[in-house]
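This report describes one protein, beginning with a charged side chain and its partner and then turning to the whole chain. Please consult the sequence and the structure while reading.

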Amino acid sequence: MAILSGYIEDEDNKQSSTSSALSFNAVLDPSNPLGFLESAFNFVSENSDMFNTDSVEKKISSLVKNIKERTMKEEAAKKEHETKEKEEIKEKPKPKLNPNKDNGLDMDNHSWGQNLQEVTVTVPVPLGTKSRDVVCDVKKDYLKVGLKGQTPIVDGQLFETVKPNDSYWSLEDQKVISLLMTKCDKISWWKSLLKGGPEIDTQKAEPEKSKLSDLDMETRSTVEKMMFDQRQKKLGLPTSQEIENQNMLKQFMAQNPNFDITNAKMF
């Protein structure tokens, strides 16, 4: 409810001046705003000659139009401000967490860790749990771990892909589900176990001390290539890819000695 009131004129001034301000008291019922306007117009009609002029409808229409335009601008500005605030919240990066000793995170109902080749997950369960009670579903990009007939403890899309055929789980001491998954990409750290989950600061991850001979052939070859390219760049020498391109060009020129490469386009 809103009350509108104006200046109450002095009784002496009321008789001496026809242009003195008059008071108007009315209660606004939000469910019936037209009733309030009708009271205001009746008051104006009784105390002025405004409604005797030919231009009154035009003036009132113009007033309503101006108020409507102002209201629409205010609403648009308000929505724009709210949208901007929501976008700023979405764009604000989530804080990165310090990894645990296994380069993962300790959650309320499970823990996970990793090295460059594998991801491990441990899930505590009630003492006396049997293997037949365990649900462990590992797909290339999905993981579900829990107990039959209960809400899964871990359930969601994996942060990166794994090799299901090279992943294994076991029940330790009838109280902990232990899972090992082999990464498809063996040269990068996972920021989280599941997509959308809390992320760790991978710059603080500590790789295991190992020799190149401990790695499988594919990973070893990739690491050696990366190490070679890093050394070459520091010395200002061509990388392995640049050397390969040079060798291919030399071979082509040897097979085509009369070919003029001066105007050739290089892709």
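## A pair of neighbouring residues

Lys 101 has a relative accessible area of 76% and is therefore classed as exposed, the cut-off being over 50%. The model in which this value was computed is a predicted one. Lys 101 takes part in a salt bridge with Asp 102, and the closest N and O atoms of the pair are 3.4 Å apart. Asp 102 is partly exposed, at 37% relative accessibility.

In general, side chains of opposite charge can pair when their charged atoms come close.

## Two further salt bridges

A salt bridge also joins the side chains of Asp 137 and Lys 139, with an N to O distance of 2.7 Å. Asp 137 is partly exposed, with a relative accessible area of 26%, and Lys 139 is likewise partly exposed, at 41%.

Another salt bridge links Lys 225 and Asp 229, whose closest N and O atoms are 3.5 Å apart. Both residues belong to helix 4, which covers residues 217-235, and they lie 4 residues apart, about one turn of the helix. Lys 225 is partly exposed, with a relative accessible area of 45%, whereas Asp 229 is buried at 13%.

## The protein as a whole

The whole structure contains 5 salt bridges. Its secondary structure consists of 5 helices and 10 strands. Of the 267 residues in the protein, 22% are buried.

The protein exposes about 20,500 Å², of which carbon and sulfur atoms supply 52%. Among contacts with a separation of 6 or more, 46% involve residues 24 or more positions apart.

Conventions
Residues numbered from 1 in each chain as written. Predicted model: local features only at pLDDT ≥ 70, side-chain atom pairs only at ≥ 80, totals over all residues. Heavy atoms only, no water. Helix = DSSP H or I, 4+ residues; strand = E, 2+ residues; numbered from the N terminus. Buried < 20%, exposed > 50% of the residue type's maximum accessible area, 1.4 Å probe, protein only. Contact = heavy atoms within 4.5 Å. Areas by Shrake-Rupley, 256 points an atom, 1.4 Å probe, with all protein chains shown as cover. Salt bridge = Lys/Arg side-chain N within 4 Å of Asp/Glu carboxyl O.
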